[in-house]
Amino acid sequence: MLRRPSVSLVAALILMAVLSAIGAGCGTQASDSYKIGALFAVTGNNSPLGTPEKETAQMLEEQINAKGGINGHKVQLIVYDTESDETKAVTLAKKLIEQDNVLAIIGPSSTGESMALIDTVEKAQIPLISCAASAQITTPVKKWVFKTPQSDALAAAEVFDYLKSKGITEVALLASTGGFGVTGKQALEAAAPQYGIKFVASESFGDKDTDMTVQLTKIKGTAAKALIVWGTNPGPALISKNAKQLGLNIPILDSHGIANQAFLDLAGDAANGVILPAGKLLAADTLPDSDPQKSVLLSYAKDFKAKYNKNADTFGGHAWDAMTMVTNALAKVGPDKAKIRDELENLKNFIGISGVFNMSPQDHNGLTKGAFVMITVANGKWTVLK
Amino acid sequence: MSTEQLVQYLVSGATLGSVYAIVGIGFTIIFSVTGIINFAQGEFVMLGGMLSFWFIRVAALPPPLAFLLAIAATAGVGFLLERWAIRPASGSPVISLIIITIGASILIRGLAGQFWGKDAVHIPPFSGDDPIRLGGATVVPQSLWVIATMLLVVAALKLVLDYTMLGKALRACAINRRAAGLMGIDTKAMSLVAFSLSAGLGALAGVVITPLTLTSYDAGTMLGLKGFAAAAIGGFGSQLGAVAGGLLLGLAESLGAAFISSSYKDAIALLVLFLVLLRPGGASGEGG
């Protein structure tokens, strides 16, 4: 079997090797386009977050390239699907950094995935603009890590402010066991004493659980006057349904994690009455004209609806902020990772979808409480809470 | 903790347990007739729910027709699985056939995700959403449908297995495939029947549970695992064992979440499975 390979066979193999090496080299050094990496959870649990994020980023890529790119350079957005999986997120990040040679990475979609990437981007010295909410992503501050969503710590403060204004001090908590739920629970438990709020029950649910009647029954038996639910869909939708079934009549406060159409669709009637802090996008048309964000919000909502025939939501908005920050930085300082990072760190008065950003070396999120409004669901629609 | 709460926990446990029981029965049928553990069983449940959603929302069919079509279509998938994936490999050791079913489950899940997207979907409950008070607990009508369906399935299966020729043939294969073949029973056809039947039953479980729990392309994974646990607890050969196993599992989950910790709900259920597998006879209770 092991005859000496013929000369032509060896020549063919060498030729193939040479051609693929040239090809690979060509691939990664393509033209002089600006490469931006993106990691979104397009599939898996977090797909309601990752899908609009990907769509928004790609919409912006098209808009920029249609206008001739950045200073004459085309923008190339390389999007990978993390499948809502932290391990995959790390592998794909390495791929973006080492093989695709991107200048910055936007995303990932979830807290768990973002936390997993911190070491990788710090070592590789590449800016990461996460689209996930936990305050822990940017506190303590890491040199290369930024995020665009409002922090869960801020959301917690809004929720507590509301409860305090209603004179409610005994509260039950139902948090998901995923990254968002776990860090949210920590933020809530840490801040509660300052508002005089006590958790009389603290239960958990899995992101893929199908029935929460047991936890709610337990909560019903306590003195809780309100329920805080902290997680992303579909869990909170099921919780609202189960609560209605059990006749649990206390006010339900959710996190900004449910601020999309999926919650309304899945919870149906049970969604009415739920209260949550959310970015202004959900109720943009009811904002006063003097609001600095209003025109940016309305134009994003319009463009997104025109292109994808569905409503834009806050999650896509986080990607809008991240992508726009990166492309603005590129326009100012060119394709240099360190300069882009510096530019991001010193961003002032950036009017985005998630809020008005003011970054600093100590604050890589750049938002304050003003980025949220309290919203409720009335007749199956999002309305600003008066 | 009041009696009201206890009753609520028991009802939740029984509802969940009934779903696991139906899935477990699916595992048991295929195992007893062919010796294969069909890891695509969970996916059949998912297909029942997803296809119903699709027929109702997209094809705008009336729900009862949509449900029947969904069950028939899924039974068809089971049929195809046996015909195209299992039968061609029928000379191989059982472990290879089991691995083939794992591959099938991944394929079905992937295709469902591509075709229907990754989001959770909802189908309307059979008889409305208004909760019923039952001895201190509130139950939605759909939970009662789930439990009733499980009981119906058990009764219907008993009838078929004990009083029809087909049923006798299936039982013969379960007792000893070789001997059944020698007695003139077409074991290949029985294998086909077992897969189609289990697929149809899985789909039925999916149809009744989805109005309660929503479904999504990957809902089959956890359900399949828990159905497998139910069948294992009951000793793989017996239908009633699967029912007992399913109910036990559902109650363990519910009471574990209530009295121990809701964070470890799944862990408790899987612990029960683990303990069962450690029995001297192993999962099937044979030997020892």
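# A predicted two-chain model

Between the two chains, 25 residues of chain A are in contact with 25 residues of chain B; two residues are in contact if their C-beta atoms, placed from the backbone, lie within 7 Å. On the side of chain A that touches chain B, at least two residues each come from helix H2 (47-66), strand S7 (198-205), helix H7 (213-220), helix H8 (235-246) and helix H9 (261-267) of chain A. Helices (H or I, at least four residues) and strands (E, at least two) are DSSP runs, numbered from the N terminus. H7(A) gives the most to this side of chain A, namely five residues. By class, the side of chain A that touches chain B has eight nonpolar, 13 polar and four charged residues. Here Ala, Val, Leu, Ile, Met, Phe, Trp, Tyr, Cys and Pro count as nonpolar, Asp, Glu, Lys and Arg as charged, and the others, Gly among them, as polar.

This is a predicted model, in which local features need pLDDT of at least 70, side-chain atom pairs count only at pLDDT 80 or more, and totals for chains, interfaces and linings use all residues. Residues are numbered from 1 along each chain as its sequence is written, while chains are lettered from A and ligands numbered from 1 in the order in which they are written.

## Confidence

The model scores ipTM 0.74 and pTM 0.75. For chain B the average pLDDT is 87, and 97% of the residues score at least 70; pLDDT is the predictor's confidence in each residue, from 0 to 100. Over residues 282-288 of chain B, pLDDT stays under 50, and the model has 13 contacts beyond four places in sequence for them.

## Domains of chain A

Chain A is divided into domain 1 (34-151 + 294-368) and domain 2 (153-285 + 373-384). The domain bounds come from an automatic or database domain assignment. Taken over C-alpha atoms, the centres of domain 1 and domain 2 of chain A are separated by 27 Å. In the contact between them, domain 1 of chain A takes part with 28 residues and domain 2 of chain A with 23 residues.

On the side of domain 1 of chain A that touches domain 2 of chain A, two or more residues are given by each of H2, helix H4 (111-124), helix H10 (294-308) and helix H11 (314-333) of chain A. H10(A) has the largest share of this side, four residues. The residues of the side of domain 1 of chain A that touches domain 2 of chain A divide into 12 nonpolar, 14 polar and two charged.

## Two packed helices

Two packed helices are described by the angle between their axes and the distance between the axes. The axes of H2(A) and H11(A) cross at roughly 35° and come within 7 Å. Axes are lines fitted to C-alpha atoms, for helices over the stretch in contact, and angles run from 0 to 180 degrees between N-to-C directions. The crossing of H2(A) and H11(A) is right-handed; a crossing is left-handed if the near helix is turned anticlockwise from the far one by less than a right angle, and right-handed if clockwise. Among the residues that make the contact are Leu49(A), Glu53(A) and Leu60(A) of H2(A), and Phe315(A), Trp320(A) and Met323(A) of H11(A). The contact of H2(A) with H11(A) has nine nonpolar, five polar and two charged residues.

## Loops and backbone

| Residues joined | Omega |
|---|---|
| Gly107(A) and Pro108(A) | about 5° |
| Thr139(A) and Pro140(A) | about 0° |

Pro108(A) is in the loop between strand S3 (104-106) and H4 of chain A. Ser109(A) also lies in the loop between S3 and H4 of chain A. Ser109(A) counts as buried because 33 C-beta neighbours are inside 10 Å. A residue is buried if 20 or more other C-beta atoms lie within 10 Å of its own, exposed if 12 or fewer, and partly exposed in between; C-beta atoms are placed from the backbone. Leaving aside neighbours within four places in sequence, the contacts of Ser109(A) include Phe40(A), Leu49(A), Glu53(A) and Cys131(A).

Pro140(A) is in the loop between strand S4 (128-130) and strand S5 (145-147) of chain A. Thr139(A) and Asp363(A) are 224 residues apart in sequence, and their C-alpha atoms are 8.0 Å apart in space. Asp363(A) counts as partly exposed, with 16 C-beta neighbours inside 10 Å.

Asn101(A) is not a glycine but has a positive phi of about 50°. Asn101(A) is partly exposed, with 14 other C-beta atoms within 10 Å. Phi of Asn379(A), also a residue other than glycine, is positive and near 55°. Asn379(A) lies in the loop between strand S13 (372-378) and strand S14 (381-384) of chain A, and is exposed, with 8 other C-beta atoms within 10 Å.
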